[in-house]
Structure formats: C-alpha cells, structure tokens
Amino acid sequence: MSGDPQGAVGQGAVGQGAVAQGTVGQGAVGRGAVGQSVLRREDDYLLRGQGRFVDDLPAPLNTLHLAFVLSPYAHARILSIDVSEARALDGVVDVLTGTDLAAMVKPIAAQIELPGYSFNTRDVLAIDEVRFAGEAVAVVVAESAYLAEDGVELVDVDYEPLPALTEIGEATDPDAPQVNPTVPGNVYYEGRFATEGVDAGFEAAAHVISEDFHSSRVTAVPIEPRGCLAVPEHAGNLVFYSSTQIHHLLRTALAEFLDVAESTLRVVVPDVGGGFGIKAALYPEEFVCAALALRLRRPVKWIQDRYEALLTDVHARDNHYRVQAAVDDDGIVLALKAEIRTNGGAYSALPFGCTLETTGGARMIVGPYRITEYTYTATAVATHTAPVLAYRGVAQPVCFMAIEGIMDRIARRLELDPAEVRLRNMVPTAELPWTNIVGVRYDTGSFVESLEQAMEMANYDEFRARQEAQGRLVDGKYRGIGICTFTEVSGTGAPGWRARGLTRLPGFDSGTIKVEPTGKVTAFVSHAHSGQGHFTTFAQVVADELGARLEDVTVVEGDTAAGPYGTNTFASRSAVTGGGALIRASEKARLKLARLAAAMLESTPEDIVVAGGQLHVAGVPSRALSFGEVAETAYAMNTFDLPEGESFGIEETDFYDPPLVTMANATHIAQVAVDAGDGTVDIEGYTVVHDCGRVINPMIVDGQVMGGVAQGIGEALMEEFVYDADGQVRTATLADYLLPSSVDVPNFQIAHIESPSIDAVGGFKGVGEGGLIGAVPSIVNAVADALFDLGVNVNTKPLRPALLSRLIREA
Amino acid sequence: MTDEYEVTVTVNGRNRASRVEARRLLADFLRHDLGLTGTHIGCEQGVCGACTVLLDGRTARSCLHFAVAVDGSDIRTVEDLADLDELHPIQEMFHQKHALQCGFCTPGFLLTAVELLESTPDPDEATIREALMNNVCRCTGYANIVDAVAEAAVQLRQGRQP
C-alpha cells in the first residue's frame with residue numbers, strides 16, 4: 001500500500017533540535033523529539049471510547065436542553081409566533097423568541113475595518129424577518145432534549161414568504177430584494193487593487209488568456225455536530241463548554257454581547273470531533289445557551305443535529321472568478337486581472353466576516369508565480385443563504401483552481417506542457433525571500449523543487465508519453481493528469497489580519513511552561529485541538545526546547561482558565577503560533593533551571609547543559625541534577641536557599657505573533673480516468689510533495705495532508721450544497737450532501753521538502769489546509785486534461801458524473 | 001409524556017434492565033442511560049456510521065433503532081474491545097498506523113472492522129475498503145484506516161487474542 005505515513009522523503013536533513021550547542025543552558029543536542037513520528041497520546045482514550053466530546057460530558061442532573069425552531073423559508077416576514085401550546089407542554093420550561101433574546105443578547109456583528117464595508121448585525125434569534133432557510137426564530141427550553149424537540153413541533157409561526165435570492169449573479173440586480181437593511185444593493189464589500197503597469201502588460205501581450213471559474217457552495221461537515229453546555233457556578237460565574245476552535249475569542253464575544261464581565265466566564269473546549277474552520281465561527285446558539293443559563297440559573301445544553309448542521313453551520317466557496325492573463329510568446333505572465341465575486345450569505349458571520357474569502361482569494365491567487373502587474377476587484381454580496389465563513393483552505397482551493405486553470409490554458413494555447421508553463425513563471429528558490437505583488441513575503445520555499453519532485457514521483461513524463469502514443473481514450477476511459485503548485489497561507493500574525501480588515505483579531509498565541517515540584521513539566525498553550533494531535537506535537541517541541549524527556553511533558557490547552565490569552569486554532573496556526581510561543585517560554589524556563597542548577601552545583605549558568613530532564617556541568621556529566629532536584633529548590637522543598645534575585649516556582653510565559661503570514665507550499669499531481677459512458681471519475685494516482693518548513697511529526701503531517709486531500713476529492717467531484725431558486729435547501733441530509741468514502745479516496749504518495757521558515761520562530765510552517773487546497777485544482781485540471789481532445793471547457797466544480805457525461809455527450 | 005417500557009439487553013456482557021420511552025433511540029439509551037458515551041451520534045440519518053454497534057454480532061446503526069425494539073438482544077460497543085491493560089489488536093493498529101485524528105467516527109470504524117475480520121480473516125484491500133464504505137471519516141482520508149485493518153488482520157491471524 002503506497003499510503004505510507006512514515007514515507008517522508010527528504011526527512012532528516014533539517015529538523016534537528018533548534019537550540020545551538022554552547023548557548024546558556026543549552027538544550028538536547030542531536031536527535032530530538034521534533035522530526036520524529038511519535039505515536040499519539042490522544043489515541044488510547046479515544047480508541048477505548050473514552051473521548052469526552054461535548055455531548056459526552058456529564059451534565060448536572062438539573063440541566064435544561066434547548067431546541068431551536070428553524071425557518072422553513074429563505075426569506076419571509078414573521079407575522080406572528082404562537083408559543084402558548086409549546087409552553088404548556090409538560091417538561092417545557094420556557095419558549096423564547098427573538099424579542100425575548102434581544103433583551104439578553106445584543107445583536108452580534110463581525111468587526112471588519114475595510115473601506116466600503118457595510119457593517120451589519122444579526123439578532124441571535126430572528127426578529128420580524130428571516131433571511132435564510134434554517135435561521136432560528138425561537139428556542140424551546142425543556143427538561144430533556146426529546147421534550148425540547150416536542151416543544152419545537154408545537155410552536156406555531158406565521159410567515160409571509162418573500163422573494164428570495166440565492167445566486168451571486170442575482171444579488172446585484174436592480175430589482176433584487178435587499179437582504180440586509182444596512183447593506184445597500186446587497187454589496188457587503190468591494191475591494192480594488194491595481195499596479196501601474198497592468199494596462200501596459202495587456203497591451204504588450206502576445207496572448208490574453210481568459211476564463212470564468214465557478215465554485216459550488218460546500219460546508220465542512222465535521223462528523224461531530226456542534227454543541228455547548230453552560231454551567232452556572234458560584235458567584236454568578238459561568239463555565240461554558242463548547243465544541244469551538246476559538247475559546248478565547250468566544251469568551252470575549254460572550255462577554256461583549258451578553259454584557260457580562262469576561263472574568264466571570266470560563267470557556268472550556270473538550271474533545272472536538274473535527275472542526276475544519278466551521279467551528280472557528282461564533283454562532284447564535286452559543287450566545288443563546290449562555291444567556292439562558294445565566295437567566296434561568298440552571299445548566300443549559302444544546303446539541304445540534306445533522307439537519308441543523310447542514311443548514312446553519314457556516315458555508316464556503318460559493319465564488320465566481322473571472323481571470324485574464326496577459327502572456328508573451330514564451331508563456332510568461334506579464335499581467336493578471338482577477339474579478340472575484342463571493343457569496344457572503346445573509347449575515348456577515350463572526351469573527352472573520354463575510355469578506356474572508358473575498359480578500360483571501362484576491363490576495364492569494366498570485367501563488368508561487370512571479371506576477372509583477374496585477375489588478376483585482378473583489379466583491380462580497382449578500383443573499384438569502386447561510387452565512388459564509390471559514391472552511392479548510394479558505395478561498396485558496398478556488399483561487400488556485402483559477403490560476404492553475406489559467407496556467408493550463410496558457411499551455412494549451414502555446415502548445416507547451418503545463419508543467420513547463422508553471423516552471424517558467426515560478427519564483428525560483430534562489431530568489432527567495434521574495435515579496436509578492438500584494439506585499440506578502442515568501443521567506444523560504446521550494447516551488448520549483450516540489451513540482452519537479454512530484455513529477456518524478458508521479459512518472460509525469462511517462463504518463464505524457466503514453467498519452468501521446470495511445471491517445472487519451474483507452475478502454476472506454478479518458479485519462480488525464482493535473483497539476484496544482486501553490487502557496488499555502490499559514491500562521492497569520494496580527495499584521496496579516498489587519499491587512500484584511502480584521503483589526504480585532506489578534507494573531508499571537510501564548511505558551512506557559514511550568515516545571516512542577518516533582519520536575520515534571522506542564523505546558524499550557526492557547527490552542528484547542530479538534531484532531532490535530534496537539535498533546536503529542538506540542539510535547540515534542542517542549543521536550544526539545546526545554547531539554548526535558550518527552551514522557552515528562554504534559555500539554556494542557558482549550559481552557560481559558562489555564563494559561564494566558566491567544567488567538568486559538570484555525571488557519572493552520574498552531575504549529576507556528578503555539579510552537580513559537582512554547583519555544584520562547586521553554587527557553588525562559590530552561591534558563592531559570594540552569595541558573596538554579598548552577599547555584600546548587602557551584603557552577604555558572606553558561607556551563608550548565610540541559611538534556612533529557614537532567615542538568616549537568618559541561619564536561620562533567622557526574623555533576624548532575626534532575627529537573628526534580630532543581631525544582632525542589634524553586635519550590636523551597638529542600639534545605640537549599642533560593643538564590644538571590646530568583647522568584648519561587650518555575651513558571652514562564654511568553655507570546656508569539658508570527659509575521660504577516662508564514663507561507664508553506666506544495667505541489668499536487670492527480671491522475672484520473674473519466675468513464676466515457678457514465679462520466680464517473682476514478683483517481684488512479686495521487687502525489688503530494690509538501691513543504692511546511694521544519695516538520696514536528698511526519699506521521700501527523702502526512703495525516704493532515706491525506707485528510708485534506710480526501711476533503712478536496714469530495715469538493716472536486718461530489719460535494720455541493722444546493723439551494724433551489726426559492727432558497728429551499730435540497731441537500732438537508734448526508735444522503736443528499738455527498739461525502740467521500742473509503743472507496744472514493746485512493747492511496748497517496750507523499751513526500752516532504754523541509755525549507756524551515758527563517759521568519760517564524762522554530763522554522764515551522766502550517767500544514768492544516770494544503771491537502772484540500774491542492775486537491776481541488778489538481779483534480780479539476782486532470783479531468784480537463786482527460787477531456788482535452790473533446791474540446792470541452794471544464795471550469796466548474798463539482799465534476800459530478802451527470803455534468804461530465806453531458807459534456808462528453810455534447811462534445 | 002409518553003409511556004415507558006421495560007427493556008432488558010446484554011451490553012458488553014452485562015445484563016442491563018431499564019425503563020425507556022418507546023421513542024428512545026438505542027444510541028441515546030446507550031449513551032445517556034447506560035453512560036456508554038463511546039458510541040457517537042453524527043447524523044441520526046443512518047449515513048455516517050459513527051453510532052455503529054454490534055447487535056447480536058452484526059453491525060447496526062444505533063441511531064436507527066429504538067431501544068425497546070432491541071429488547072433481549074446482545075449488544076457490543078466500543079467500550080468492550082480493550083481490557084484494562086491492552087487494546088484490541090484492531091485498536092492497537094489504529095494507534096500504530098495513525099488511523100484516527102479527532103476520534104469521533106473511530107468507534108464506528110472499529111466495530112465495522114471487528115465484524116469484517118470475524119467473517120473475513122484475510123481480506124484484501126478492496127474488501128476492506130468496501131466493508132468500510134458506509135462509515136464516514138472526515139479527518140484521515142481513509143488510507144491509514146485501511147492499512148490498520150489490514151495489519152490487524154495479520155495480527156489476528158497470527159493468533160493475537162482480541
């Protein structure tokens with residue numbers, strides 16, 4: 001089987017302990033924990049069925065349960081809501097509507113500071129008007145989840161249906177209904193950018209290559225639906241358990257919109273069953289649940305069902321791209337124009353806002369290419385559909401489908417190989433660091449190398465030769481090969497968010513290293529996992545940087561009461577920001593250990609070597625103390641006086657805000673067979689060469705890549721969230737919204753190139769999203785290549801059998 | 001409030017008797033009445049497979065059964081696979097092969113794999129993929145799960161006791 005999780009080609013060249021020999025309190029030299037495929041600590045309890053997801057937490061016996069009344073209409077006036085029958089039901093404690101909740105929760109709003117952005121707010125339960133199918137209009141509070149559902153059935157809402165719009169193209173029609181009262185013309189935002197020489201580039205061009213690309217709406221579908229449990233504690237405090245990716249941001253938002261003291265709130269993230277970005281949104285249900293727990297002075301719990309998840313989780317990717325490239329006779333892109341329109345849905349969702357995909361696509365589309373003249377217009381429109389926010393890859397699967405589709409079209413026009421066109425336009429490694437046309441710095445990378453290595457692994461040249469010799473149609477299947485070489489935004493710092501109008505999104509994360517009295521190490525980090533293996537990977541980082549034994553390090557995260565503030569876990573941040581913060585905190589703690597050990601051993605800190613949970617005098621391994629022996633001094637648990645100037649304990653905190661962004665890169669190559677009869681697509685080969693800088697745990701990195709590719713296969717070939725013309729949902733179950741299964745996803749070949757970041761502490765770059773980003777364009781390009789002889793234009797996704805068989809028939 | 005009915009089942013080898021509403025889902029009964037929260041609910045539509053248990057030895061969606069309707073049956077859940085010291089060989093291979101990430105779908109995959117390997121001790125890759133195709137994993141991309149089941153089959157054939 002080719003999906004070998006240990007198969008990291010090029011591993012080991014880099015990735016040794018980052019601490020140089022000879023520094024004060026130097027760390028372990030040689031083979032560190034970082035770079036090893038350490039098996040996960042998370043596995044044992046999850047495999048035993050002892051995971052504690054939010055619905056698994058023991059709720060207090062007097063817990064109340066919520067169920068929401070969802071609008072069946074995409075757009076309607078609420079004429080009346082009769083809750084009397086529901087409220088009379090035995091076991092129902094209360095039924096509340098939008099006006100009731102408005103007294104407890106302010107309208108929620110994303111804070112976006114972009115010129116021309118139309119600020120808009122959302123009531124946590126709709127008042128007077130509903131704006132998408134599934135928007136909640138009332139909530140039933142009952143003694144059990146079953147009774148709450150019974151109550152929902154008895155709430156009688158009288159709606160006056162109104163015309164709905166769902167498509168980007170309809171939103172700006174002059175006679176279109178206005179979705180949101182503060183969003184004139186249904187345009188949330190329109191951004192523009194242009195360099196001076198774009199027109200000159202197009203005038204000088206030998207060829208202008210243009211295409212419109214369309215991307216279907218999808219949603220992440222983590223297998224665990226969302227949920228939360230709010231438990232009032234003493235003195236009016238509230239402990240709020242949520243399946244969120246952003247516990248600190250959630251706590252701040254709860255404080256703001258509920259108007260309670262942030263210090264009385266504690267947000268705890270239990271195990272989370274996949275997030276993929278959709279759990280990095282702040283949802284109305286969370287505010288309602290917290291508000292009702294405080295109001296009713298009882299624990300309140302809400303667990304979403306799948307129908308609600310599909311309708312109300314944030315969606316993604318409903319985008320149109322019109323791209324034009326001015327190209328010379330060698331296939332070099334002289335200038336690029338992009339007209340990007342994104343469907344933001346009915347409200348600008350928190351915390352990133354409806355412009356996330358808009359500004360993301362506009363800024364990322366230039367990718368690994370030397371685009372020196374560039375202009376874009378980027379528009380986010382409002383429609384009567386679910387709000388759109390983050391899903392793994394944010395904008396990048398689509399903007400790379402566009403630019404990589406353009407590269408293939410250049411190749412076809414000029415009769416060049418698609419790989420050759422890419423190589424001619426790429427920024428070569430020798431020219432890095434390089435700052436792209438929108439000001440994003442690529443510090444290190446391997447665009448050319450990743451493409452060349454992927455071509456070799458995929459036997460690209462042989463495939464092309466076979467195609468040449470035999471033609472594309474063999475045994476009833478059209479075979480094609482598709483490339484996507486791309487940059488992957490990760491580890492975004494505050495400057496990166498500010499550049500996109502997200503001035504209230506911090507960027508930094510925090511780490512605290514606590515060496516306990518027994519010498520064991522607790523590492524607190526401001527992240528929250530949803531399957532990434534943080535308990536393992538962060539321990540690897542700390543072990544190396546502190547000089548501790550891996551088994552002595554315990555990682556604690558996902559709790560606002562444990563450790564300082566941070567920006568939390570989304571957008572491929574954790575290795576970069578959490579890793580960076582833990583490295584800095586570890587260094588402080590290591591230095592303190594060295595100072596204490598030096599005093600105890602009558603040496604100097606400069607001469608203390610820290611490794612394997614021991615501190616010894618350089619060159620004299622026998623003059624050694626364990627972490628525990630040194631910690632006893634710090635905690636006054638022996639007869640050794642704390643040296644002058646030292647404080648008690650060993651507890652060090654630091655923060656890390658990465659640069660603008662930390663740019664990873666990769667190449668994906670997909671080989672497909674399209675059935676000439678029924679249009680089904682088989683993926684016959686899939687190759688990834690990924691560069692996320694210094695790799696912490698190759699096994700986990702490969703897992704991230706493979707999982708991302710699987711989601712990309714779904715997005716490219718089957719997933720589509722469908723509204724009909726009236727805004728009714730056609731994909732309200734997982735039997736309609738199709739996810740890839742074990743027979744749809746092939747085995748992979750994966751290799752890594754390690755180009756450690758020189759801008760980010762630790763050299764790490766993110767890896768969470770690349771799998772998905774590269775899969776969509778490479779598969780779409782492969783299908784286009786397979787059908788090349790038919791002269792059909794493949795510029796949309798998903799590429800379902802019905803679409804492809806029609807294209808083949810009509811060719 | 002609806003009437004309650006007596007239900008007596010064997011769960012993981014233990015006799016369990018309880019009174020439940022007729023509409024109580026088996027999944028909720030296991031999770032919230034018996035405290036066996038390893039069985040997860042992902043869709044309540046019978047599609048995702050996270051709630052898979054073994055019902056009289058065969059995989060079943062516990063979200064599509066009412067507890068009263070399985071009165072008298074023998075049920076195995078993920079909590080029954082390991083002993084205090086050692087994981088079941090299938091679980092151990094999931095660990096070794098990194099066949100889980102968030103772990104939410106994992107119990108359903110494990111029980112599906114148990115059923116497969118009890119009936120087909122030496123499955124090829126295609127057989128494994130087909131057996132797993134009704135369980136959805138959104139994290140792993142499946143390859144490591146397929147590997148883990150294949151390797152567990154080897155271990156079990158070599159006589160490692162579950």
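1. Helix α7 of chain A (residues 247–258) has 12 residues, which at 1.5 Å a residue should span 16 Å; its end C-alpha atoms are 16 Å apart, so the two agree. The expected span is 1.5 Å times one less than the number of residues. Helices (H or I, at least four residues) and strands (E, at least two) are DSSP runs, numbered from the N terminus.

2. The model is predicted: local features need pLDDT of at least 70, side-chain atom pairs count only at pLDDT 80 or more, and totals for chains, interfaces and linings use all residues. Residues are numbered from 1 along each chain as its sequence is written, and chains are lettered from A and ligands numbered from 1 in the order in which they are written.

3. Of the 12 residues of α7(A), 9 are buried (20 or more other C-beta atoms within 10 Å of the residue's own, C-beta atoms being placed from the backbone). Among them are His247(A), Arg251(A) and Phe257(A). Their cover includes β10 (238–242), β11 (265–268) and α8 (284–296) of chain A. Asp259(A), just after the helix, has a positive phi of about 55 degrees.

4. Chain A contains an open sheet of 7 strands with mixed pairing, in the order β3-β5-β1-β12-β9-β10-β11; strands pair if DSSP finds at least two bridges between them. Because β3 (92–97) and β11 of chain A are edge strands with a single partner each, one side of each lacks a neighbour in the sheet.

5. β3(A) runs antiparallel to β5 (residues 136–142) of chain A, joined by 5 bridges. Val95(A) stands opposite Val140(A) in β5(A).

Terms used:
Contact = placed C-beta atoms within 7 Å.
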